[in-house]
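Subject: Structure handover

Hello,

Here is the structure you will be working with. My notes come after it.

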Amino acid sequence: MTNFLLRHKKSLVIIFIVIIVIGILIFFIFTRDFSNGKKQVYGVTFSKKYALELKLDWQKTYLAILNDLKVNNIRLIAYWDEIEEQRGSYDFFDLDWQISQAEPNGTKIILVVGRRTPRWPECHDPAWVGNLSSSATAQAQLDFVRTVINRYKNNSLIQSWQVENEPMLSVFGQCPSLNQSLLRQEIDLVKSLDARPIIITDSGELGDWQHAASQADILGSTMYRIVWNQYLGFWDYFFLPPAFYHYKAEITKYFHPNLKQVIITELQMEPWTFNQPMISLSLADQKKSFNLQRFVNNISYAKRTGLSQVYLWGVEYWYWQKQQGNDELWQQAQKLWQ
């Protein structure tokens, strides 16, 4: 053994040096902060449906987000089943109200349109869609999108239109398979009606972003740190450093030079629900996947990616906790906008 080491001493030294260099590079990648001291812009997604699921007064919740948290960037959702409950008859009262309440503070809005929109089951179909053929459903979907855009295209608060929500993520949600032709028709329709940027979103962890980026002015990514499924239980993405998102964004922008921006449209800031209603989970179960420390850590993680805009997911949950006397998440969130 001694003779072997002596004969290969030079080679072993080189191998040792290479291992050290690789280790240093890995450490550098995992710990690098790409924020460069720049202030990150934060927003939230608000879902009337989710507020009601938590048995909250949805209007009171929304006003608290605007006036107590003082959120100045918000992603709102045009739910098809709420607005067109009866075919050809549109009720915009609740969405009109949400947009009007954002006006006094000049809150900037991303408006999500389409069939697949945020919150389970992802596709929020009116009941009457079940009686239509696939081609008739597609036409009804386009008619709905056209009606929404035409209603709000003169509103200066709306900064961009998000068309569908993670349309390439076929493994999640109760939705039909992606119809690429229909998605293209939706995008072209929105562009023909208004010049504001179009956001297409994709999974940060499971998507390659390239298909979404090829059709977007702005690419929106999800960012989940800990998830759960029935086979693996909790799955922690501890092995993905902020550099994963940073370099993924840079590579995507390189291959899609017309892409204006990559943003985080859904940063996990609430517990995973085990496919159960949140209100049925004990506080102990909620804290298995999210708590105050994870709130702080997830904000820090997102900041280190260097991506300029981050929309937080779970503001209704913070308010629900506050209503139950647990206001630590709400108080922590206030620091982001003050």
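Below are notes on pockets, cores and salt bridges.

The model is predicted, so local features need pLDDT of at least 70 and side-chain atom pairs count only at pLDDT 80 or more, while totals for chains, interfaces and linings use all residues. Residues are numbered from 1 along each chain as its sequence is written, and side-chain values use heavy atoms, with hydrogens and water left out.

Pockets

On a 1 Å grid over the protein atoms alone, a pocket is an open set of points where a 1.4 Å probe fits, with protein on both sides within 12 Å along at least five of seven lines. Lining residues have an atom within 4 Å of a point. Points are joined across faces, edges and corners, and a volume is the space filled by probe spheres set on them. Helices (H or I, at least four residues) and strands (E, at least two) are DSSP runs, numbered from the N terminus.

The largest pocket has a volume of about 1000 Å³. It is lined by 36 residues, and the closest to its centre are W120, F172, W228, W272 and N275. Two elements give two or more residues to this lining: α3 (48-53) and β7 (226-229). By class, the lining of the largest pocket has 19 nonpolar, nine polar and eight charged residues. Here Ala, Val, Leu, Ile, Met, Phe, Trp, Tyr, Cys and Pro count as nonpolar, Asp, Glu, Lys and Arg as charged, and the others, Gly among them, as polar.

The second largest pocket has a volume of about 420 Å³. Of its 23 lining residues, R115, P176, S177, L178 and N179 are the closest to the centre. Here α7 (134-152) and α8 (180-193) each give two or more residues. The largest share, five residues, comes from α7. The lining of the second largest pocket has 11 nonpolar, eight polar and four charged residues.

Cores

A nonpolar core is a set of buried Ala, Val, Leu, Ile, Met, Phe, Trp, Tyr and Cys residues joined through side-chain atoms within 4.5 Å. Buried means under 20% relative accessible area, exposed over 50%, and partly exposed in between (1.4 Å probe, protein chains only).

The largest core has 89 residues, of which L111, L312 and W318 touch the most other members. Helix α7 gives the most to this core, with eight residues. L312 has contacts (heavy atoms within 4.5 Å) with residues including Y42, V44, L267, M269, W318 and W337, not counting residues up to four places away in sequence. A second, separate core of five residues includes I110, I199, I218 and I263.

Salt bridges

The structure holds 16 salt bridges. Each is a side-chain nitrogen of Lys or Arg within 4 Å of a carboxyl oxygen of Asp or Glu.

D94 and K48 meet at 2.4 Å, N to O. D94 is in α6 (residues 93-102) and K48 in α3, 46 residues apart. D94 is partly exposed at 24%, whereas K48 is buried at 12%. K48, E82 and D94 are linked in a network of salt bridges.

D217 and K260 meet at 3.7 Å, N to O. D217 lies in the loop between α9 (210-213) and β6 (218-223), and K260 in the loop between α10 (242-255) and β9 (261-268), so the pair ties together parts 43 residues apart in sequence. D217 is buried at 14%; K260 is exposed at 59%.

D236 and R294 meet at 3.8 Å, N to O.

Best wishes
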